[in-house]
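Dear colleague,

Here is the structure I promised to pass on to you. Please have it open while you read, as my notes follow below.

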Amino acid sequence: MKSNPDPKIIAFCCNWCSYAGADAAGTSRLQMKPHFRIVRAMCSSRIDPELILDALKKGAWGVLVAGCHPGDCHYVTGNYRTHKRIALLKDLLKELGIAPQRVRLEWISANEGGKFQKVVNEFIDEMSVLGPLELKGQPAAKEAS
Amino acid sequence: MKIGVYVCHCGGNISEVVDIKQLTSFAEKQSDVAIVRDNAHMCSDVGRNLVLEDIKKHNLDRIVVAACSPQFHGKTFMDIVKKAGLSPYLFEMANIREQCSWPHFDEPELATRKAKDLVNVGIAKVKLDESLERKSMPIGKRVLVVGAGIAGIQAALDLGDAGFEVFLVEKKPTIGGKMAQLSRTFPTEDCAACILSPKMADVPSNPNITLFTNSEVEKVSGFIGNFEVTINKKPRYVNDNCVSCGICEEKCPVKLPNEFEQGLTTRRAIYVPFEFAVPYKYVIDEPNCIYFQKGKCGNCKKVCPHDAVDFEQKPEKIEIKVDTIIVASGYDIFDASEKKVYGFGTNENVITSLEMERMIVHEAEGRPTRKIGNRIAFIQCVGSRDEQIGNEYCSRICCMYATKLSQLLKRTDPKRDVYVFYTDLRAYGKGFEEYYKRAARTGVKFIRGRVAELIEDPETKKVTVKVEDTLARQIIESEFDLVVLSVGMQPGEGTGKIAEVLRMTRSPGGFLQEAHPKFKPVDTLNDGVFICGCAQGPKDIPDTVAQASAAAARAIRLMNKGEYEVEPITAVVDEDLCSGCATCVSVCPYDAVKTEVKDDKRVAKVNEFLCQGCGSCSAACPSGASQQHWFMSSQLKAMVGAALGEEEE
């Protein structure tokens, strides 16, 4: 598996909007590149930055976090928290020499199957160009963009 | 630990893409997996019994079902696991349909590989699942119904009749909504007022309904079984002494276009909205009242024999508590002036269908009305099916109301030439096609074509319609005395407001979104909140009434037992790890976390009834003390690992 050239993407989706948006994409038979794996949480605000780092450490090339649109969060303000945390995390990634675009935040509603497809395909393409994240002994300069 | 893994074919939906054999033999190799089975339809009785029997026979203690989305059949299998005597939370679903076989049917090999990972994610999580149980919460029998058009009235009456306590809130001074303005209803041609007014009258006479007119829902906090509602009751400036004698109205010096009559008549600043208004009481139109604007006049107060006029009334904030909410906030008609090419508002003889409804009522009752003329054209799809103005949806009622109006016009004067210019004629309902044919037989001319332009003759004010007849393939330019725009529906301003207050999800057209388009058409994603009528989407009166009764029944279903079950997937704090920093307190949207001193140590404590289970506090906790049941950090990490193929192969 290690030598597999296929990109590995983790997509954290909230139960109410983006997971349902992914379902909507499937129901409409919108074809997507199969290289992503969805991990469902109830709210995007459950996604601790540590979990994202953990995913990158375990070999994810990129991590997508998808939540409800601003103002639409099922839990009132959860997505605003997510927004702040991801912004901070991206700053931290830069410090660590990891391209911040490896973490992407998107708002996708339950009826936006088309948007889910577009975001996922785009993100997979982008990560295919970046390649796997080499953490051990690799110069950080390689990652700068 | 003994895990059972069940793979569904979904009648080919999955098995035509994913290699089931490969998937089951992969699952068999995973540690702690005791049984792997596959079935054509896991959700069928046969499939469910497989799980049930296996749990009992083989002492399985955890279940993974690889099938459709958990949002589709999650509950089905949780119920089975529970029935077998296990906690329903010792269960996971691997979504290999919506998120695998359907979006990846072009790449079956990669889809099979993905299905393996998804099953592995399920196995990784289920191993760490705790034995949780749903908790029961008491629930009362109080319902807030927002909006008192025909949808809200029907829902309120059904609930009231069933013995539930209803608070019906209407922003206008009367109930009745848009239906009250209609002439007749298609396809039976019942007089709208005649069938609506008895229902309206039933509202105040129902002992279980408390009616708030001239009132709006300002704030809602809390949750199912515990909603706290603030109603803003605007002053009517006329108290309950009013006997509707009408003396005040005669002395009021203000004359305004009557909005109920679409400007065909005038009304005063103190008025009753229409002749069958409920409550039938006067109201003062504050922005147009001379007393309120200039401090003078007060004629109405002077002449009232019952001392009913009270200029000192103030807006009232009324706080109520309810258990469930039904939103029936209705629609607005499309503002025809937005469709510039039709010149509504500038061309004198271009009117909306609602004006035509009132004109027909006036004509039938022998009341003065504007001249209808001999040549009348209806233009369909104004504000509907029109991407230029941003409304892609069909408003569903315009084809039939134009058919109705044209037929009524023809019947009162058979010499009239009535044309209907349509995009497609949609006569989809019971008796609709027959009704349309009848109209065509009475001589109404139906012409397929979208009208390109309307040109007003500056002298005669007659209007020339330019349109391509797309069936006869010819350009028509024809002059009419009156052009009626068949305006569609759009989400009402009130619907926008209540959506914000209740934080409800809206569909692409802006209408309120149902929890499931087929199986939960009146539920919403907000527990205990239901929708019905045109707030949910355009529909006619029979569908609105059916949906309103459905919403009432769904609300009763929740409340009738007196208790309902809540999900146990709340936050929980490990007091040994907690440092009492209260970060969790600051991020909770529900005030569900508080700190308290326990054994000389400050620790956070979660109120599991207030906690809605978002997990934001668990993500924010710097020490890992705050966790969310069923979504523990250890579980999420294990899922990520499995998803990346880290686990055993």
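Helices, as I use the word here, are DSSP runs of H or I of at least four residues, numbered from the N terminus. Please keep in mind throughout that this is a predicted model, with an ipTM of 0.93 and a pTM of 0.78; for chain B the mean pLDDT is 95, and 100% of its residues reach 70 or more.

In chain A, helix 1 covers residues 18–27, and because 9 of its 10 residues are buried, this helix is largely enclosed by the rest of the structure. The buried set includes Tyr19(A), Asp23(A) and Gly26(A). Just after helix 1 of chain A comes Arg29(A), which takes a positive phi of about 55°. Further along chain A, the axes of helix 2 (residues 49–57) and helix 3 (residues 78–96) come within 10 Å and cross at roughly 45°, so the two helices are oblique to each other. The contact is made by Pro49(A), Ile52(A), Leu53(A) and Leu56(A) on the helix 2 side, and by Arg85(A), Ile86(A), Leu89(A), Leu92(A) and Leu93(A) on the helix 3 side; the crossing is right-handed.

Chain B has a domain assignment with five entries, among them domain 2 (142–234 + 315–330 + 492–559), domain 3 (247–303) and domain 5 (570–628). Taken over C-alpha atoms, the centres of domain 3 and domain 5 of chain B are separated by 57 Å. In chain B, helix 6 (residues 150–161) and helix 7 (residues 192–205) have axes that come within 10 Å and cross at roughly 50°, and helix 6 of chain B passes helix 7 of chain B in a left-handed crossing. Residues meeting there include Ile153(B) and Leu157(B) from helix 6 of chain B, and Leu196(B) and Met200(B) from helix 7 of chain B.

Some backbone details deserve a look, since most residues other than glycine have a negative phi, and most peptide bonds are trans. A cis peptide bond joins Phe186(B) and Pro187(B), with omega about -10°, and Pro187(B) is found in the loop between strand 8 and strand 9 of chain B. Another cis peptide bond, between Val278(B) and Pro279(B), has an omega of about 0°. Asp307(B) has a positive phi near 55° and counts as exposed, at 52% relative accessibility, whereas Ala582(B), with a positive phi near 70°, counts as partly exposed at 27%.

With best wishes

Notes:
Residues numbered from 1 in each chain as written. Chains lettered and ligands numbered in written order. Predicted model: local features only at pLDDT ≥ 70, side-chain atom pairs only at ≥ 80, totals over all residues. Heavy atoms only, no water. Domains from an automatic or database assignment. Buried < 20%, exposed > 50% of the residue type's maximum accessible area, 1.4 Å probe, protein only. pLDDT = per-residue confidence, 0-100. Axes fitted to C-alpha atoms, helices over the stretch in contact; angles between N-to-C directions. Left-handed = near helix turned anticlockwise from the far one by under 90°. Contact = heavy atoms within 4.5 Å. Parallel < 35°, antiparallel > 145°, perpendicular 65-115°, else oblique.
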